[in-house]
Amino acid sequence: MAALKYAGMDDTDSEDELPPGWEERSTKDGWVYYANHDEMKTQWEHPKTGKKKRCAGDLPYGWEQETDEKGQIIYVDHINKRTTYFDPRQAFTVEDVSVKPKRYDGNTAALEILQGRDLSDKVVLITGGNSGIGELLLIYNAA
């Protein structure tokens, strides 16, 4: 840390800023890993914060993931006619938070159970709705 202070990099407004010699990269499936060029090693956790991240969503409009002749992943921007080794989704990363499943009981409301779940492509069938608790809850893909 003394070297960071000497280089004037200890006073930063971003906790995600990488130390010198580190590079942020991503895998084909969007997981972010960190390469330390000084020690020639990689790791999943951010070297300063210790957090794991992944790229959120698909590639931006006009971008495509390809493999070059050396087998490395490249990203092609068809709109601006550019190629790069940097995954453009890294601008929109999210933390990988392992959430333990919450236990539900008879006092749990339906909105509490459904919070954060996307049911837009699901069909739900509930029977017995006019006489107490439903006897059947069936969820399946609509596609």
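The chain exposes about 11,400 Å², and carbon and sulfur atoms supply 52% of that area; the areas come from the Shrake-Rupley method with a 1.4 Å probe, and for residues only the protein chains shown count as cover.

Before going on, a note on the source. This is a predicted model, in which local features need pLDDT of at least 70, side-chain atom pairs count only at pLDDT 80 or more, and totals for chains, interfaces and linings use all residues. Residues are numbered from 1 along each chain as its sequence is written, and side-chain values use heavy atoms, with hydrogens and water left out.

Now the chain as a whole. Of its 143 residues, 18% are buried, where buried means under 20% relative accessible area, exposed means over 50%, and partly exposed is in between (1.4 Å probe, protein chains only). The chain has two helices and 10 strands. Both kinds of element are DSSP runs numbered from the N terminus: helices are H or I with at least four residues, strands are E with at least two. Read from the N terminus, the order is α-β-β-β-β-β-β-β-β-α-β-β.

Next, the record. An unreviewed UniProt entry lists "domain: WW" for residues 16–49 and 57–90; such annotations may be inferred rather than shown by experiment. Residues 16–49 are 0% helix and 38% strand, with end C-alpha atoms 7 Å apart. For residues 57–90 the figures are 0% helix and 38% strand, and the end C-alpha atoms lie 10 Å apart.

S2 (residues 32–36) is joined to S3 by three bridges. Within that pairing, Ala-35 has Thr-42 of S3 as its bridge partner.

Last, one residue. Where is Arg-89? It lies in the loop between strand S7 (82–84) and strand S8 (93–95). Arg-89 counts as buried because its relative accessibility is 9%. Its side chain makes a polar contact with the side chain of Asp-87 at 2.8 Å. A polar contact is a pair of N or O atoms within 3.5 Å; within protein, one must be able to donate a hydrogen and the other to accept it, and residues adjacent in sequence count only if both atoms are side-chain atoms. Leaving out residues up to four places away in sequence, Arg-89 touches several others, including Thr-27, Cys-55, Pro-60 and Tyr-75, contact being heavy atoms within 4.5 Å.

Terms used: Two strands pair if DSSP finds at least two bridges between them.
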